[in-house]
Amino acid sequence: MRIPLKEVSTSHIQKNPISLHVPGHKGLVKGFLPNAFASILPYDLTEVTGLDDLHAPSGAILEAERLLAETYGADQSFFLVNGSTVGNLAMILATLGRGDQVLVQRNCHKSITNGLALVDANPIYFTDIKIDTSIIMDAVVKFPRIKAVILTYPDYEGFTYDIRAIIEFAHSVGIVVLVDEAHGAHFVLGKPFPISAVEAGADIVVQSAHKTLPAMTMASFLHVKEQNIDPIRVKLYLTMLQSSSPSYLLMLSLDCARAYIADFSSEDVAYTIDQSNRFVTDLNENEEITAFQSNDPLKILVQSRSVTGFQLQKLLEAQAVFTELADEKRVLMILPLLKWGQPFSFIEIIESIKRATDQIRQDGETLEKAKGEAVTVPLSPRVLSELALSFSEMDKLAGKFVSFTSAIGGISSETITPYPPGVPLVLRGEIIQPNTVAELEKLVESGWHFHGGERLTEKQIQVYNI
């Protein structure tokens with residue numbers, strides 16, 4: 001239960017040091033920072049003697065990362081202070097090169113697509129209606145030069161699949177497996193949580209520790225199995241991509257989060273699961289809603305019988321209950337990992353939801369409005385597809401906006417993603433199909449929210465001027 005960074009940071013602060021180094025706040029409250037920062041700023045340190053260096057660790061940080069690897073069963077593990085985004089970029093840069101074919105889920109995080117663009121790889125996309133080994137089998141037949149597969153596990157809502165079988169098959173045909181496990185840092189606890197990607201044998205795994213562990217926002221982990229991966233290359237790109245002034249607050253929170261998970265007992269797991277189960281049971285006593293767990297017991301999905309997920313979220317926010325996300329059907333709640341006996345605001349949440357649903361019953365206009373708003377974004381059947389242009393070719397071309405009708409058959413110069421669910425309907429560099437335009441038109445008319453698509457409301461798409 002060593003917490004090396006906490007130990008050396010606390011020891012340094014106990015010396016009542018006079019700071020003649022960065023950061024400029026000098027461990028004191030300055031300017032317009034809230035007074036509550038007073039207890040935190042002394043820990044916002046830099047690479048002074050005794051506190052080690054993230055980019056060349058030899059002391060407390062090195063020990064902390066070794067304890068992290070031991071906890072997760074990796075050969076080497078690294079602290080990330082620029083979020084899982086920097087981990088995804090580094091794992092791609094360390095394993096892929098120009099023109100390398102790589103199998104990728106279409107609903108991958110945008111940092112994955114950005115990483116593929118940086119190396120000018122050749123992505124083969126598939127839609128994730130059902131993820132199993134047959135995806136790899138089909139892909140290998142059609143694209144025999146595939147070098148890697150990049151998986152998103154679990155998805156945002158906590159749903160999983162048999163990742164071990166996929167990894168075993170991929171390895172049997174010489175394909176390395178990279179996993180964006182942003183929402184699964186707690187899977188290391190074992191059942192009833194899903195298996196962790198590290199335990200399942202993935203070659204590189206990136207986790208957002210801050211999503212489900214008690215770590216600060218942007219604090220993440222990267223784990224490497226050395227059989228197929230050179231950790232020196234991973235470290236090289238992490239050094240290039242991460243800040244040369246890494247936050248000691250983030251690193252300290254990572255060290256403490258690792259210790260928290262390492263100290264989590266089977267009794268703690270049982271207590272967390274029991275609290276989650278009780279919470280779902282209590283939610284379902286409200287006749288207006290239906291609640292259930294995904295494959296991850298920390299992820300609770302709540303659906304109203306009368307209003308959309310967007311409207312339910314707004315009603316809850318009026319009660320000062322803020323959920324993770326909403327779509328046209330439901331809202332997503334993420335519960336904390338609780339140690340035995342640790343309290344959480346379950347009763348207050350139940351009471352707030354009751355007030356919100358009472359308002360639904362009293363508001364006839366809300367009910368009528370909701371009936372006309374439910375529009376579904378369908379997922380296409382699984383299709384293996386390549387881009388029509390390489391990333392390097394796209395970089396040399398200019399785009400132009402054309403009408404929806406004129407865009408059919410053209411090559412999109414923008415990625416357009418209905419959000420939620422966050423699965424791109426149009427990818428930059430792919431040929432725009434008639435059914436895609438029809439779907440876009442339908443969603444735009446319904447007032448759907450998009451990432452990308454600067455002129456969708458004008459019914460225009462940007463295509464490459466070829």
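Residues are numbered from 1 along each chain as its sequence is written, and side-chain values use heavy atoms, with hydrogens and water left out. Because the model is predicted, local features need pLDDT of at least 70 and side-chain atom pairs count only at pLDDT 80 or more, whereas totals for chains, interfaces and linings use all residues.

Helices (H or I, at least four residues) and strands (E, at least two) are DSSP runs numbered from the N terminus. Two strands are taken to pair if DSSP finds at least two bridges between them. An open sheet of eight strands has the order β1-β7-β6-β5-β4-β2-β3-β12, with mixed pairing. At its edges stand β1 and β12 (385-386), each with a single partner strand, so one side of each is left without a neighbour in the sheet. Helix α9 (residues 248-262) packs on the sheet and touches β1 and β7, its direction making about 135° with that of β1. Contact here means heavy atoms within 4.5 Å; axes are lines fitted to C-alpha atoms, for helices over the stretch in contact, and angles run from 0 to 180 degrees between N-to-C directions.

Strand β7 pairs in the antiparallel sense with strand β1 (residues 76-80) over five bridges, and V224 of β7 is the bridge partner of Q76. Antiparallel pairing also joins β7 to strand β6 (residues 204-207), over four bridges, where L222 is the bridge partner of V206. Five of the five residues of β7 (residues 220-224) are buried, so the strand is largely enclosed by the rest of the structure. Residues are classed as buried under 20% relative accessible area, exposed over 50%, and partly exposed in between (1.4 Å probe, protein chains only). In a regular strand the side chains alternate between the two faces of the sheet. In β7, S220, L222 and V224 point one way and F221 and H223 the other way.

Strand β4 (residues 146-152) and strand β5 (residues 176-180) pair in the parallel sense over five bridges, with D180 of β5 as the bridge partner of T152. D180 and V206 are also among the residues in contact with N88, as are S111 and I112, when neighbours within four places in sequence are left aside. N88 belongs to helix α3 (residues 83-95) and is buried, with a relative accessible area of 1%.

The structure holds 15 salt bridges, each defined by a side-chain nitrogen of Lys or Arg within 4 Å of a carboxyl oxygen of Asp or Glu. One of them joins the side chains of E63 and R2 (3.2 Å, N to O). E63 lies in helix α2 (residues 60-72) and R2 in the segment before α1 (4-13), so the pair ties together parts that are 61 residues apart in sequence. Both count as partly exposed, E63 at 27% relative accessibility and R2 at 41%. A further salt bridge connects D100 with K147, the closest N and O atoms being 3.4 Å apart. D100 is in the loop between α3 and β2 (101-105) and K147 in strand β4, 47 residues apart. In the salt bridge of E199 with R164, the closest N and O atoms are 4.0 Å apart. E199 lies in the loop between β5 and β6 and R164 in helix α6 (residues 163-172), so this pair ties together parts that are 35 residues apart in sequence. Salt bridges that share partners join R2, E7 and E63 into one network.
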